[in-house]
Every structure is written in C-alpha cells, then in structure tokens.
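Q: I'm new to looking at protein models. Can you walk me through a few features and how to read them?

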Amino acid sequence: MIDGLTGLEKLRSAQASGTKYDLIEVMTCQGGCIHGGGLPFIGSKEDLKNRAKLIYQADETEAISLPCKSPSLINLYEKLIKENKEISDKTIFYTHFEKRNVLL
C-alpha cells in the first residue's frame, strides 16, 4: 500500500529493482481517510491515532456495518426496482470489466 503520493517514488524504485506486486493500493491522502478529505487537519500524530481508534471502534459497534445490510437502502432498492420495470437488480448491483488496449 502506498500512503500518500510521495510513496509513488518508493514504489517506482522498488519496481525498477525488480520487486513484483500482485496488487498496489494508493491512498492519495497521507493517512488515508482517517486524515483525508472532508476531515479537519490534525497536526499531532497522537490526535491522529486517537481519531483512527475512535473511527475503528465506531465501526465495530455500529448495528449496520455494511451498506448492503441497511434496511433503508434495501427498501429503497426494492421500491426502485418495483417502480422501474426496465431495470433489474443485476443492472444496479453488478458491473463487468472489459479489457481495453489503450493507454491513459
């Protein structure tokens, strides 16, 4: 995992030296979402650790930890599907990958 864009140089060096990876995840914000967009900036590493701890604790104690288990979301999708016969749950919940030989 790359933490912040400054980590891209380390990745580049590692790949140049022959290191192979199966998966590379890049978190643009240093510290990830804990210290990322939409949150007030924290200068203290201790405060940042405390924020992370509180967020993880909240995730563990939440009654609904995944969007797919939210009764409100399930009801919304069921209503949407019933009212719009031209779509099906497959078109909402699933996608597909198509390989394209292009350079971005």
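This is a predicted model: local features need pLDDT of at least 70, side-chain atom pairs count only at pLDDT 80 or more; totals for chains, interfaces and linings use all residues.

Q: Where do Glu 9 and Arg 12 lie?

A: Here's the general idea: an α-helix has 3.6 residues a turn, so residues three or four places apart point the same way. In this case, Glu 9 and Arg 12 both lie in helix α1, three residues apart, or about one turn of the helix.

Q: Is Arg 12 buried or exposed?

A: Exposed means over 50% relative accessible area, and buried means under 20%. Arg 12 has 58%, so it's exposed.

Q: Which residues of α1 are buried?

A: Those are Gly 7, Leu 11 and Ala 14. They cover an arc of only 65° around the axis, so they sit on the same side of α1. These buried residues pack against β1, which is 2-3. Over on the other side of α1, Arg 12 and Ala 16 are exposed.

Q: What follows α1?

A: Gly 18 does, and its phi is positive, near 105°.

Q: Which residues make the nonpolar surface patch?

A: Leu 5, Leu 8, Tyr 21, Ile 24 and Val 26 make it, and the patch is about 410 Å². Take Ile 24: you'll find it in the loop between α1 and β2. With a relative accessible area of 38%, Ile 24 is partly exposed.

Methods. Residues are numbered from 1 along each chain as its sequence is written. Side-chain values use heavy atoms; hydrogens and water are left out. Patches are made of residues with over 30% relative accessible area and no salt bridge: like charges are joined within 9 Å, nonpolar side chains (Val, Leu, Ile, Met, Phe, Trp, Tyr) within 5 Å. Accessible areas come from the Shrake-Rupley method with a 1.4 Å probe; for residues, only the protein chains shown count as cover. A salt bridge is a side-chain nitrogen of Lys or Arg within 4 Å of a carboxyl oxygen of Asp or Glu. Helices (H or I, at least four residues) and strands (E, at least two) are DSSP runs, numbered from the N terminus. Buried means under 20% relative accessible area, exposed over 50%, partly exposed in between (1.4 Å probe, protein chains only). The arc is that of the directions from the helix axis to the C-beta atoms. Contact means heavy atoms within 4.5 Å.
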